[in-house]
Amino acid sequence: MSKFLSEKLRALTPYTPGEQPQDMKYIKLNTNESPFAPERNVVKAAARAAKRLNLYSDPECKKLVSRLAETYGVKNENIIVTNGSDEVLNFAFMAFCDSENGAAAPDISYGFYPVFAAVNGVPFTKIPLKDDFTIDIKDYLGLNKTIFIANPNAPTGFALTLDQIEQILESNKETVVVIDEAYVDFGASSAVKLIEKYDNLLVTMTFSKSRSLAGGRLGFGIASKEIIRDLNTIRYSTNPYNVNSMTLAAGLATLKNEKKVRKNCETIIKNREYTANALRNLGFYLTDSKANFIFAKSDKIGGEELYLKLKARGVLVRHFKLPRIKDFVRITIGTKKQMDILIKTVEEIL
């Protein structure tokens, strides 16, 4: 680091994104991207928008906001559009985590939560998952902190029910509860329907997973109009043109393909169960994932060793060095052909 870096950031440990290696062609199952390319109308819409790159994008994202509101059965005033869901999560740390309360999240969850807390100088509490890696909602009742819960959780894949989420909301009415639904389309229940009942709920979503736009960087938040107004105040105070024209066009076109999106999700769910059963037959233990990935370990080989041997054979999965999960690998669900290659390669390694 340079001598000029702010003292408050010198101890910052940045988020570690998934590998994007270029040394060979991999079967890429490490960053929970969709195996399905965007539909042709999406690519064409982005290309048309590229012809106007000399002009700023719409800071209000009006067309996309309207289509999202229609899709999720809410009003335009309940939507904010952001540069990936990471941006709306960061805005939430900026807006709702006063130092006297701080923020809290599971100890094993999305790795950006503690980073956002550190960048924004927010006291951050890690709440341990239970031994089986599920969330004990009793730990979150009356917590009096801004709560961040990925549902389904990553990398474990477990999901809370709407009743459990309601209990957390009901007992923390003076603080915001953020439900991060990056993976909700693969088997969990969305909490969006609860925003009319709870003014302390913020639901965040992304186009990166089920909607095949990871490279487009498009996310959004759904909440009460007051929370959205707060978040937009921050957006307009940092970067009002936060979503580029091509991404706005691609997002709008994608929302016209909802039947295809749902079909792709069904395929991924089917491939997830197929892969999970195959790995169980090889002696693996797996969590009950409701996401587009599985979380697996074997008594026959360590997590890091399996990750390295798969990588050497051209199959890329994700390994985390945290002590409680170091024996696991997280495997993104791809096409049936990709999963067959993964299973065959694991068999060869074992």
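This is a predicted model: local features need pLDDT of at least 70, side-chain atom pairs count only at pLDDT 80 or more; totals for chains, interfaces and linings use all residues.
## Ground rules

Buried residues have under 20% relative accessible area, exposed ones over 50%, and partly exposed ones fall in between (1.4 Å probe, protein chains only).

Numbering starts from 1 along each chain as its sequence is written, and side-chain values use heavy atoms, with hydrogens and water left out.

## Salt bridges

Take a salt bridge to be a side-chain nitrogen of Lys or Arg within 4 Å of a carboxyl oxygen of Asp or Glu. Count them that way and you get 17 salt bridges. One of them pairs Arg 217 with Asp 86, at 3.9 Å from N to O. Arg 217 sits in the loop between strand S7 (201-206) and strand S8 (219-223), while Asp 86 is in helix H3 (residues 84-96), so this pair ties together parts that are 131 residues apart in sequence. (Helices, H or I with at least four residues, and strands, E with at least two, are DSSP runs numbered from the N terminus.) Arg 217 is partly exposed at 32% relative accessibility, whereas Asp 86 is buried at 19%.

Next up is Glu 258 with Arg 262, whose closest N and O atoms are 3.1 Å apart. These two are 4 residues apart in helix H8 (residues 258-281), which means about one helical turn separates them. Glu 258 is buried at 17%, and Arg 262 is partly exposed at 31%. Arg 272 also has a partner, Glu 273, with the closest N and O atoms 2.8 Å apart. Glu 273 is partly exposed, with 37% relative accessibility. Shared partners also link salt bridges into one network made of Asp 185, Arg 211, Glu 258 and Arg 262.

## A negative patch

On the surface, Glu 77, Glu 174, Asp 199, Glu 226 and Asp 230 gather in a patch of negative charge. Patch members need over 30% relative accessible area and no salt bridge, and like charges are joined within 9 Å. Asp 230 belongs to helix H6 (residues 225-238) and is partly exposed, at 36%.

## Cis prolines and positive phi

There are two cis peptide bonds to look at here. Asn 151 and Pro 152 are joined by one with omega of about 0°, and Ala 154 and Pro 155 by another with omega of about 10°. Pro 152 is in the loop between strand S5 (146-150) and H5, and Pro 155 is also in the loop between S5 and H5.

Asn 32 lies in the loop between strand S1 (27-28) and helix H1 (40-50), and it's buried at 0% relative accessibility. Ser 212 has phi near 60° too, again positive without being glycine. You'll find Ser 212 in the loop between S7 and S8, buried at 13%.

## A buried asparagine

Asn 172 is in the loop between helix H5 (162-170) and strand S6 (177-180), and at 3% relative accessibility it counts as buried. What does its side chain reach? The side chain of Asn 172 reaches the backbone oxygen of Ile 168, at 2.8 Å.

Conventions:
Patches are made of residues with over 30% relative accessible area and no salt bridge: like charges are joined within 9 Å, nonpolar side chains (Val, Leu, Ile, Met, Phe, Trp, Tyr) within 5 Å. Accessible areas come from the Shrake-Rupley method with a 1.4 Å probe; for residues, only the protein chains shown count as cover. Lys and Arg count as positive and Asp and Glu as negative; His and the chain ends are not counted. The place of a charge is taken as NZ of Lys, CZ of Arg, CG of Asp or CD of Glu. A polar contact is a pair of N or O atoms within 3.5 Å; within protein, one must be able to donate a hydrogen and the other to accept it, and residues adjacent in sequence count only if both atoms are side-chain atoms.
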